[in-house]
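Please keep the sequence and the three-dimensional view at hand while reading.

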Amino acid sequence: QCDSIEVSLHESTFPYTSIKSIQTVLNTDGTVLCSFGTTGTYYVVIKFRNGLETWSANPIAITVSGGLYDFSSAVNKAFGDNQLEIEPGVFAIYSGDINQDGSIDAFDYLLLEPEIVQGNFGYLITDLNGDGVVDAFDFLVMDDNIVNGISLSTP
């Protein structure tokens, strides 16, 4: 186990209302297990402490026996291709939206910078690379995302 995330189901038509949401544990291999107790076709949305909210590219069929969706297998598994290739053929959600406003920008940096100066460590929202230390390596993650104008992409 490496982090806690929120997985929610949103209606497949405008205004894409959230139907169900659960907190679950992200495993170190990138998998999660969710049980929503509902069926239908929904957008799957993932949020976590400093990650950019990410929507499935299309609505997904959720059945009584479950539903399976792998965001990591291709950039186009996220709406608007809004993921980062972290190694060949493996994609991940962007990190750095500390204030959870849907954009990785200078407002997030204003929250990160004092914690870098203080040298904080532990399970912190400002630890963008997940190594347990808030330092310049976290800034490097954020800086690329700010420069590239990374922000929320929804239907």
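Tyr43 belongs to strand β3. The model is a predicted one. With a relative accessibility of 7%, Tyr43 is classed as buried, because the cut-off for that class is under 20%. Between Tyr43 and Gln83 there are 40 residues of separation in sequence, and their C-alpha atoms lie 16 Å apart in space.

## The β1–β2 hairpin

Strand β1 covers residues 3-11 and strand β2 covers residues 18-26; the two run antiparallel and are joined by eight bridges. Within this pairing, Glu6 has Gln23 in β2 as its bridge partner. Six residues separate β1 from β2 in the hairpin that they form. In the turn, Tyr16 has a positive phi of about 60°.

In soluble globular proteins, nonpolar side chains tend to be buried together. Here the largest nonpolar core has 12 residues, including Ile5, Val7, Leu9, Phe36, Ile60 and Phe71. Strands β1, β3 (40-48) and β5 (60-62) each contribute at least two residues to this core. Strand β3 provides the largest share, namely four residues. Apart from this core there is another, of nine residues, with Leu52, Tyr94, Val134 and Met142 among them.

Phe71, a member of the largest core, also touches residues such as Val44, Ile46, Trp55, Ala78, Gln83 and Phe91, when residues up to four places away in sequence are not counted.

## The pair of helices

Two packed helices are described by the angle between their axes and the distance between the axes. For helix α1 (residues 106-118) and helix α2 (residues 136-147), the axes come within 10 Å and cross at roughly 170°. The two helices are therefore roughly antiparallel to each other.

On the α1 side, the contact involves Ala106, Asp108, Tyr109, Leu112 and Ile116; these meet Ala136, Asp138, Phe139, Met142 and Ile146 of α2. By class, eight residues of this contact are nonpolar, two are charged and none is polar.

Leaving aside neighbours within four places in sequence, Gly96 is in contact with Asn50, Ile104, Asp108, Leu128 and Met142. The C-alpha atom of Gly96 is 9.9 Å from that of Asp144, although the two residues are 48 residues apart along the chain.

How values were computed:
Residues numbered from 1 in each chain as written. Predicted model: local features only at pLDDT ≥ 70, side-chain atom pairs only at ≥ 80, totals over all residues. Heavy atoms only, no water. Axes fitted to C-alpha atoms, helices over the stretch in contact; angles between N-to-C directions. Parallel < 35°, antiparallel > 145°, perpendicular 65-115°, else oblique. Contact = heavy atoms within 4.5 Å. Nonpolar A, V, L, I, M, F, W, Y, C, P; charged D, E, K, R; others polar. Pairing = 2+ DSSP bridges. Core = buried A, V, L, I, M, F, W, Y, C linked by side-chain atoms within 4.5 Å. Buried < 20%, exposed > 50% of the residue type's maximum accessible area, 1.4 Å probe, protein only.
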